[in-house]
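Morning, everyone. I'll take a few minutes on helix packing and domains. Here is the model.

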Amino acid sequence: MTLFKFLFRKSDLECPRCLGKTFVDWDDIRRLNKILKWVPAPCAYCFGSGRVTPEMISKVPVDYTYLTIDLPEPEMDKIKEGNPETLERGRLREIFLDDLIKYAENHYLYDKMNAESIADLYLSTEDEAALFSLERENLIRFIEKVIEMKRPEVN
Ligand SMILES: [Zn+2]
């Protein structure tokens with residue numbers, strides 16, 4: 001299905017990700033438990049149309065993390081088609097993020113490390129063949145967000 005058809009096809013269901021608003025805001029992000037993984041943006045699940053086909057809902061979980069508006073269009077199309085390789089890549093990316101969150105939480109809570117030292121430790125042990133990685137600066141920013149979420153538990 002082409003993007004044009006996807007956008008203009010008369011589909012009968014409200015988008016379960018953005019609830020038809022065409023935009024994913026912090027309420028949606030909290031509802032779908034993606035606080036560390038998404039930021040507010042136009043909805044990639046319905047491609048900003050607010051409506052989705054029943055096929056889409058049966059193929060792609062609404063909280064499928066990898067499907068965001070910043071992905072290249074061909075990659076989005078593959079997700080929507082249910083391409084197994086692409087879905088697997090998305091699954092691995094989610095595992096990568098979950099592991100990184102756990103790693104940062106543990107070093108913050110038990111070793112009292114700050115974001116910068118956690119990032120440096122992570123990069124020093126990172127496998128060169130790792131499927132996913134983050135630039136040091138982005139990594140630090142990400143870890144700062146993880147720490148921010150954990151702070152209330154410490155105080
Ligand atoms: Zn939507």
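Predicted model: local features only at pLDDT ≥ 70, side-chain atom pairs only at ≥ 80, totals over all residues.

Helix 4 covers residues 73-81, and its axis comes within 8 Å of the axis of helix 5. The two cross at roughly 105 degrees. Anything from 65 to 115 degrees counts as roughly perpendicular, so helix 4 and helix 5 are roughly perpendicular to each other.

Which residues meet there? From helix 4, we have E75, K78 and I79. They meet T86, L87 and G90 in helix 5. By class, that contact divides into 2 nonpolar, 2 polar and 2 charged residues.

Now the next pair. Helix 5 spans residues 84-111, and helix 6 spans residues 115-125. Their packing angle is about 125 degrees, and their axes are 10 Å apart. That makes helix 5 oblique to helix 6. The crossing of helix 5 past helix 6 is right-handed. Helix 5 brings Y103, A104, H107 and Y108 to the contact. Helix 6 brings I118, L121 and Y122. The class count here is 6 nonpolar, 1 polar and no charged residues.

Last, the domains. The domain assignment gives domain 1 as 3-82 and domain 2 as 86-154. Taken over C-alpha atoms, the centres of domain 1 and domain 2 are separated by 26 Å. How many residues does the contact take from each domain? It takes 10 residues from domain 1 and 10 residues from domain 2. On the side of domain 1 that touches domain 2, the classes are 5 nonpolar, 2 polar and 3 charged residues.

That's it from me.

Note on methods
Residues numbered from 1 in each chain as written. Axes fitted to C-alpha atoms, helices over the stretch in contact; angles between N-to-C directions. Helix = DSSP H or I, 4+ residues; strand = E, 2+ residues; numbered from the N terminus. Parallel < 35°, antiparallel > 145°, perpendicular 65-115°, else oblique. Left-handed = near helix turned anticlockwise from the far one by under 90°. Contact = placed C-beta atoms within 7 Å. Nonpolar A, V, L, I, M, F, W, Y, C, P; charged D, E, K, R; others polar. Domains from an automatic or database assignment.
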